[in-house]
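Work through the exercises below with the structure open. Each task is followed by a worked solution.

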Amino acid sequence: MSLSIQRIGPAVSIQDAGRAGGMGLGLSRGGAADRLAYLAACALAGVPIGSAAIEMAGFGGRFRLEATTRIALAGTPMRATVDGAPVAWNAAHIVEAGSILDIGAAEKGVYGYLLPGGGLDTPEELGGRGFHRIAGLGRALEEGDRLPILPDPAPDAPPMRLPAPSPETGPIRVMPGPQTTLFNDDTRARFEATTFTRSAKANRQGVRLEQEGDPFSAGSQLQRVSDFISEGDIQMTGDGTPYVLLADCQTMGGYPRIGTVLPGDLPRIAQAMPGQTLRFRFVTVEEAEALWISDADTLKRLKKSLMPLVRDPRAMTDLLTYELIGKPLSD
Amino acid sequence: MTTPEILPLGPDGILVRFADALSEPANRAALAFRALVDDAAPDGVTETATSLTSALIRFLPNHVRRADLEQVLGDIAEARDWSDAPLPDGRTLWHIPALFEGPDAPDLEAVAREIGRDPDTAIAELTAEPLRVLALGFAPGQPYLGFLPDHWNIPRRTEVTPEVPRGAVVVAVRQVIPFANAAPTGWWQVGRTAFRCHDPAADPPIALKPGDELRFRGVTADDFARLSDAPRGGAEEEAIG
């Protein structure tokens, strides 16, 4: 059982829940850039956390399913068709063997997820399957790749969908970190009062933020020793430009960090399109602790909100054929 | 040494920081502290790690409250004087062949000028003593090694080299790093090793541990060419207790 790539966007890679526990080895967790969207794909597919999906930044590709299987589509909506017929995003679908799945441009965000069958079955390295560029693990997907797929755990399960997440517009919540007090009160207040713009410079390692005011400099920082970085840290580079660090961040760094974006809000940074404005607000460590949710609990919540995918009869060009598609064929 | 600072690093992390400038005793303290935390195995802890001068403790906030874990860590921190902390048990001394000449040592002469020695003396000093693995960081298994003598306290280059190859041996600020992967760097490249910091074909793939020691041995270009296929790039290990 496999999936072949006939055409591919420039930043498409295999991603999963990442490789936890490697900070002491110099390995940051990595994994899906929008962890919440990845967990939504797991919920739709009915697969355990850690299953490997295809992460598509900005643009998907053309995929051929070599066996009949369900696929889950999650994350930022992208134009998707199966053999030319549009299919819903934030939903699972049964796709017949030999079908062509086309996934086009993201419309409102950056990262979309395709999780076929029971997840991709590519070899693991250091406990994960994901591409992690700075760790030197894996590579971006390429035209001609043929990816093995684990069997669909419930091939007869009725396709489900998730309600589109309601857009959040409040300030991104930031908790203090080990270097927050290097920035004086005025600088921290100005940070909260500033409207930032998401720069075009962004990848899975971090997102650069632009703003028109003075740079955000810490006190004397030249002799400061490199220390641990957390995903979500807002790092001020030498010229005082903020970068929010994402899944593929380095494990240690010397630039001072004004705080850490809460994991629940980090997907909003990852999904922000170039030019989108962002505001930040500090919360206390206690608030951050209270807002922490395990991946397992997030998956449970997502599964509870699954609902049957109701098809639009107008999209069913031939109802008899449609019924056949609804019955999975053996591999 | 004073009691370390206990600081938040993300909603599921605690950083125990022994110093905010690099020093040998602070590194030793961080290693020893992490070993004590691992022995104590507090409830809800998922991961421990050390950087150059800090220990990181990751935990499950739905299993243990931060305040309670901070109390446990604070008690461990106050239990001893960290200035004479012992190094962890079960360390290894790695003898690693490296080439310190030709195209793989593009900055050797500049470094020799910076430290006020001739290139041969610079190589002799690089290979004279074992260096400690202060931390693994940036890329899997990549060690920060220290410390070279005081006159090696040279700044990073003003211009970043766009890419040095995997195995590049680079120096700055009394430290040496053999690069795990090809990468840009502001450090000075003085040599190259066939040792791979992360070697998928080896068991374990990541050989070095913080606290281990590593001594470079200069080899000829002919020897170096033969080492590229050798297990662990020709590295030899020796237990040091």
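The exercises cover a helix pair, a nonpolar core and a chain interface in this predicted model.

**Exercise 1.** Classify how α1(A) and α5(A) pack: at what angle do their axes cross?

Solution.
- Two packed helices are described by the angle between their axes and the distance between the axes.
- Take the pair α1(A) and helix α5 (residues 295–304) of chain A: their axes come within 9 Å and cross at roughly 55°.
- Angles from 65 to 115 degrees would count as roughly perpendicular, and those under 35 as roughly parallel. Therefore α1(A) is oblique to α5(A).
- The crossing of α1(A) past α5(A) is right-handed.
- On the α1(A) side, Leu36(A), Leu39(A), Ala40(A), Cys42(A) and Ala43(A) make the contact; they meet Asp295(A), Thr298(A), Leu299(A), Leu302(A) and Lys303(A) of α5(A).
- By class, this contact has seven nonpolar, one polar and two charged residues.

**Exercise 2.** Which residues have the most contacts inside the largest nonpolar core?

Solution.
- The largest nonpolar core has 164 residues.
- Ala41(A), Leu44(A), Tyr113(A) and Leu115(A) have the most contacts inside it.
- Helix α1 (residues 35–45) of chain A gives this core its largest share, 10 residues.
- Now follow Leu115(A). Beyond its neighbours within four places in sequence, its contacts include Ala41(A), Cys42(A), Val47(A) and Ile71(A).

**Exercise 3.** How many residues of chain A are in contact with chain B, and what classes do they fall into?

Solution.
- Count both sides: 35 residues of chain A are in contact with 39 residues of chain B.
- On the chain A side, α4(A) gives the largest share, three residues.
- The residues on that side divide into 17 nonpolar, 14 polar and four charged.

Note on methods. Residues are numbered from 1 along each chain as its sequence is written. Chains are lettered from A and ligands numbered from 1 in the order in which they are written. This is a predicted model: local features need pLDDT of at least 70, side-chain atom pairs count only at pLDDT 80 or more; totals for chains, interfaces and linings use all residues. Two residues are in contact if their C-beta atoms, placed from the backbone, lie within 7 Å. Helices (H or I, at least four residues) and strands (E, at least two) are DSSP runs, numbered from the N terminus. Ala, Val, Leu, Ile, Met, Phe, Trp, Tyr, Cys and Pro count as nonpolar, Asp, Glu, Lys and Arg as charged, and the others, Gly among them, as polar. A nonpolar core is a set of buried Ala, Val, Leu, Ile, Met, Phe, Trp, Tyr and Cys residues joined through C-beta atoms within 7 Å. A residue is buried if 20 or more other C-beta atoms lie within 10 Å of its own, exposed if 12 or fewer, and partly exposed in between; C-beta atoms are placed from the backbone. Axes are lines fitted to C-alpha atoms, for helices over the stretch in contact, and angles run from 0 to 180 degrees between N-to-C directions. Angles under 35 degrees count as roughly parallel, over 145 as roughly antiparallel, 65 to 115 as roughly perpendicular and the rest as oblique. A crossing is left-handed if the near helix is turned anticlockwise from the far one by less than a right angle, and right-handed if clockwise.
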